[in-house]
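Here are some notes for a colleague who has not seen this structure before. They are set out as numbered points.

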Amino acid sequence: MNKVLKEIRTSALSALWMMILTFPIIVIKVNTINMTVNWRWINLMWVGTGTFILSWLWRYLLDRKENGSGLKKTDTKESRRFSLHKSLNDKKMRIPVLSTLAVLVLVLPLLVNFYQVSIMTSALIFVILGLGLNIVIGYGGLLHLGYAAFYAMGAYSYGLMYLYWGIPFWVALPLGAVSGAVFGLLIGFPVLRLRGDYLAIVTLAFGEIARLVLENLSGFTKGPEGIAQIPRPGFITKLSLQGATIYLFYICIALVLFTIFVMRRIEDSRIGRALEAMSEDDIAAQSMGIDLTKAKLTTFALGAIWAGMAGVLLAAKTTYINPGSFTLMESVMILVAVVLGGTGSIPGVILGAFLVTLIPEYFRALSDYRMLMFGVALVVMSIFRPQGIIPRVRKHYIVGEDQS
Amino acid sequence: MLKVDNIHTYYGNIQALKGISLEVNKGEIICLIGANGAGKSTTLMSISGIEPPRSGTVILEGIDITGMPPHKIVTMGMSQVPEGRRIFPQLTVLENLDMGAYLRTDKEEMKRDLEYVFELFPILSQRRHQIGGTLSGGEQQMLAISRALMAKPRILLLDEPSLGLAPLIVQQIFGIIVRINKEQGTTIFLVEQNANMALKIADRGYVLQNGIIVKTDTSSALMADEEVKNAYLGV
Ligand SMILES: Nc1ncnc2c1ncn2[C@@H]1O[C@H](COP(=O)(O)OP(=O)(O)OP(=O)(O)O)[C@@H](O)[C@H]1O
Ligand SMILES: [Mg+2]
């Protein structure tokens with residue numbers, strides 16, 4: 001009984017606090033034409049009850065999480081594991097599941113309309129971005145908040161190379177990756193000695209600087225008006241809008257598969273181990289003979305390669321780019337995809353990228369509130385499931401005598 | 001083997017080492033003792049290149065290694081056990097050991113060294129698949145030493161291996177350090193606050209105070225020294 005009273009009091013206090021806090025915007029509405037004030041008291045009631053219920057629910061969930069008995073934890077975790085992921089890990093299920101997925105993906109453009117294909121393509125570009133950023137954050141443990149600058153680098157290398165030299169998509173794609181990598185190294189050098197929050201702040205600044213440069217170098221980059229009429233990739237001949245969109249969709253699928261393949265190779269490689277050691281403890285990593293300078297630069301360059309490619313894809317998809325597409329908001333969205341999905345986890349990041357792009361697309365009504373939504377989602381996640389929706393499953397490599 | 005000549009190391013504007021000189025001969029166990037904040041860890045990190053000195057030289061087997069990056073110094077046969085162990089918490093015991101051998105390619109030799117460290121610390125062999133972060137403090141220290149040994153160093157630097165451990169474990173670990181020195185011929189440079197234990201196993205010792213070496217002698221002479229007794233041995 002006492003506990004319930006206490007709960008009521010806490011919730012009531014939260015509700016009251018919320019009512020006071022939101023009073024000016026929720027209740028008062030000034031009509032500037034009639035010079036009258038409209039008092040919407042009813043709204044206050046909604047805020048009050050809403051907060052009261054939410055606050056109660058919140059503490060109930062927290063309570064359940066903390067008191068979740070230790071024994072049950074392991075098996076609930078197992079059963080709660082994302083089912084697709086689980087079936088992929090199961091050897092017998094692997095081939096049927098993968099082939100169904102493959103067939104679905106291949107026939108998707110035939111089943112749905114062209115608009116859906118276009119949305120899917122955007123999501124796939126985001127998957128590549130997410131996986132790229134995952135190298136920096138998940139493997140290297142370096143918090144990078146200016147990732148959109150690398151993305152812009154790729155998009156602008158295609159845009160500019162087309163504008164000045166008429167370079168086609170297929171040439172621009174590898175060149176975009178290279179220019180991304182070069183830019184990654186350029187940003188990597190000055191931040192070599194930084195880590196943690198300092199690194200985050202400096203990379204954030206670099207991201208903004210890159211955008212401002214693009215905006216103000218108007219002679220060369222066409223400034224804020226951007227570059228238009230960048231061609232979509234053609235297949236032998238120029239394709240129709242519809243055909244080009246579907247073709248780009250398949251290109252994105254292929255690149256996503258290629259990215260996943262490379263990510264898995266990185267995880268198993270010597271570089272991957274060096275990055276892992278660096279992210280766990282950089283002083284110890286140095287004493288093991290790991291070249292931190294090289295490891296950090298590699299991280300940035302490897303991460304930037306994918307952003308560069310994604311940038312070329314974006315330019316080819318939208319045929320129009322301007323600096324406004326590469327703001328801090330974009331960096332944050334990619335970061336949200338990684339953190340929400342599961343830092344370091346390939347399936348997690350893929351899921352995260354889809355969520356972040358598809359939810360605002362399919363729930364148009366919500367898209368104005370998407371920052372708010374993702375903010376709430378991150379807070380909730382960091383309390384209830386800090387490793388992300390599909391947490392990373394560390395593969396333990398086997399050494400020494402057990403080596404096969 | 002190792003010759004440190006008049007090194008000065010700074011953290012920003014704060015001078016931590018004010019002209020340290022010391023020498024370690026091949027096959028010796030040398031200890032560096034001093035109070036908290038004397039600059040013991042800084043000395044070690046200056047030698048291993050993590051906090052390079054602003055002036056002075058560090059010579060390892062006749063080669064000037066001052067200012068060399070730490071990963072290069074590791075390839076020259078120097079390996080360190082940093083203060084506070086610093087094992088990789090998410091990696092298993094085996095993976096931690098494997099990281100120690102990061103620069104090596106001689107698979108057969110590595111296997112033998114792995115067996116050797118498991119012989120030194122049988123508990124690690126039992127715990128080989130356990131995640132490093134879940135080991136006890138003593139086990140973590142054993143792992144840190146083993147990890148450094150996996151680099152097959154000719155000289156091993158240890159920073160306070162006794163930190164936070166029960167006397168019995170400290171005794172065991174110091175016993176192993178002597179064993180490594182005898183069996184492998186590894187030269188040992190030991191930094192310790194636990195002067196009593198350190199001087200017992202060391203051949204010679206240096207006493208560090210506020211970034212300056214104030215005394216050096218054989219261990220037995222230092223243990224008999226009145227000042228050292230009063231300040232560091234607590235008798
Ligand atoms: N990263 C750092 N930045 C600034 N000052 C530092 C840093 N590390 C050490 N110092 C300072 O340098 C001096 C020597 O520190 P050091 O860690 O070498 O001492 P120590 O002898 O190892 O002490 P302890 O026995 O407590 O480990 C101290 O005054 C310390 O405050
Ligand atoms: Mg110290």
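Predicted model: local features only at pLDDT ≥ 70, side-chain atom pairs only at ≥ 80, totals over all residues.

1. Between domain 2 and domain 3 of chain A there are zero salt bridges, a salt bridge being a side-chain nitrogen of Lys or Arg within 4 Å of a carboxyl oxygen of Asp or Glu.

2. Residues are numbered from 1 along each chain as its sequence is written, chains are lettered from A and ligands numbered from 1 in the order in which they are written, and side-chain values use heavy atoms, with hydrogens and water left out.

3. Chain A is divided into domain 1 (2-70), domain 2 (79-111) and domain 3 (112-384); the bounds come from an automatic or database domain assignment. The centres of domain 2 and domain 3 of chain A, taken over C-alpha atoms, are 25 Å apart. Nine residues from domain 2 of chain A and eleven residues from domain 3 of chain A take part in the contact, where contact means heavy atoms within 4.5 Å.

4. Domain 2 and domain 3 of chain A bury about 780 Å² between them, and carbon and sulfur atoms give 73% of this area. Buried area is the accessible area (1.4 Å probe) that two parts lose on being put together, summed over both. On the side of domain 2 of chain A, Val105(A), Leu108(A) and Pro109(A) lose the most area to domain 3 of chain A, together 59% of what that side buries.

5. Which helix gives the most to the side of domain 2 of chain A that touches domain 3 of chain A? Helix α5 (residues 91-111) of chain A does, with seven residues; helices (H or I, at least four residues) and strands (E, at least two) are DSSP runs, numbered from the N terminus. By class, that side of domain 2 of chain A has seven nonpolar, one polar and one charged residues. Ala, Val, Leu, Ile, Met, Phe, Trp, Tyr, Cys and Pro count as nonpolar, Asp, Glu, Lys and Arg as charged, and the others, Gly among them, as polar.

6. Now the two chains. In the interface, 27 residues of chain B are in contact with 25 residues of chain A. The area buried between chain B and chain A is about 2700 Å², with 58% of it on carbon and sulfur atoms. Two salt bridges cross this interface; Asp98(B) and Arg273(A) meet in a salt bridge through their side chains (2.7 Å, N to O). Five residue pairs are in polar contact between chain B and chain A. On the side of chain B that touches chain A, α2 (70-75), α3 and α4 (107-120) of chain B each supply at least two residues, and α3(B) gives the largest share, five residues. The residues of that side of chain B divide into 14 nonpolar, six polar and seven charged.

7. Over all chains the count comes to 18 salt bridges. Glu7(A) pairs with Arg59(A), with the closest N and O atoms 3.0 Å apart.

8. In chain B, Glu160(B) forms a salt bridge with Lys40(B), the closest N and O atoms being 4.0 Å apart. Glu160(B) is in the loop between β7 (155-159) and α7 (167-184) of chain B, and Lys40(B) is in helix α1 (residues 40-48) of chain B, 120 residues apart. Both Glu160(B) and Lys40(B) are buried; buried means under 20% relative accessible area, exposed over 50%, and partly exposed in between (1.4 Å probe, protein chains only). A network of salt bridges links Arg104(B), Asp106(B), Asp113(B) and Lys152(B).

9. Met35(A) is a residue other than glycine with a positive phi, near 55°. Met35(A) is placed in the loop between β1 (28-31) and β2 (36-39) of chain A.

Conventions: Polar contact = N/O pair within 3.5 Å; in protein donor to acceptor, adjacent residues only side chain to side chain.
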